[in-house]
Amino acid sequence: MQNNKVHLIYGYDSLCGWCYGLIPALRALEETYPDIIIEVVPGGLFTGDRVHSYHSLVDHITRAFPRVTETTGQAPSDGFWDLITRSNAPLANSTIPNMAVLLMNEIAPERTLEYVHRLMEVHFIDAMDLNVAETYETLSKKYGFPMLDTSIILNASDNDELIAKFYMRSTALGINSY
């Protein structure tokens, strides 16, 4: 049987400001076209030697976000700015939250996009660190998502089979920026 539903591939990264800015548009798309299939394909914006303390990325983020906000209406909170400007700011490491997204996709694929949105909101609005178990536990409790194994999330590496598969898929699709 042929599936006539529209299938949209969403090349995404958990730490991407533009992806955060896209949340209202994707929600509107889903509301307007409830039968659309939006497949989340995480990519690796901050992986390998690109993993840095957020503190070292403040200049880049400060220059980039005004355009994101102007274009999308989405601005990060003051708490987010406080989080990333601390001298002991968390690492910008895409693999950890991307693993959470992929685990959610395995457990509750119908909620993956919602999970992606809420994950970015707890980061960019609630200023939660994506490198700690509490963030994922809070996210699940607050929004009724299935609990994920935080040890798998926090110990994720670019070489994990699931992560590597999706990073290769992202590359094969030609997604090289977010």
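These legends describe close-up views of a predicted model.

**View 1. The largest nonpolar core.** This core has 51 residues. Seven names stand out for having the most contacts inside it: Tyr10, Tyr12, Tyr54, Tyr115, Leu119, Met120 and Tyr136. In soluble globular proteins, nonpolar side chains tend to be buried together.

**View 2. Met120 and its contacts.** Met120 is among the core residues with the most contacts inside the core. Residues up to four places away in sequence are not counted here.

**View 3. Helices α5 and α6.** Helix α5 spans residues 95–107, and helix α6 spans residues 112–124. Their axes come within 9 Å and cross at roughly 155 degrees. Angles over 145 degrees count as roughly antiparallel, so α5 and α6 are roughly antiparallel to each other. Their crossing is right-handed. From α5, the contact is made by Pro97, Ala100, Val101, Met104 and Asn105. From α6, Thr112, Tyr115, Val116 and Leu119 take part. The residues of this contact divide into 7 nonpolar, 2 polar and no charged.

**View 4. Leu26 in helix α2.** Leu26 lies in helix α2, residues 23–32. Its relative accessibility is 5%, so Leu26 counts as buried; the cut-off is under 20%. Leaving aside neighbours within four places in sequence, Leu26 is in contact with Leu8, Tyr10, Ile38, Leu113 and His117. Ile9 is 17 residues from Leu26 in sequence. In space, Leu26 and Ile9 are 12 Å apart, C-alpha to C-alpha.

Definitions and conventions: Residues numbered from 1 in each chain as written. Predicted model: local features only at pLDDT ≥ 70, side-chain atom pairs only at ≥ 80, totals over all residues. Heavy atoms only, no water. Core = buried A, V, L, I, M, F, W, Y, C linked by side-chain atoms within 4.5 Å. Buried < 20%, exposed > 50% of the residue type's maximum accessible area, 1.4 Å probe, protein only. Contact = heavy atoms within 4.5 Å. Axes fitted to C-alpha atoms, helices over the stretch in contact; angles between N-to-C directions. Helix = DSSP H or I, 4+ residues; strand = E, 2+ residues; numbered from the N terminus. Parallel < 35°, antiparallel > 145°, perpendicular 65-115°, else oblique. Left-handed = near helix turned anticlockwise from the far one by under 90°. Nonpolar A, V, L, I, M, F, W, Y, C, P; charged D, E, K, R; others polar.
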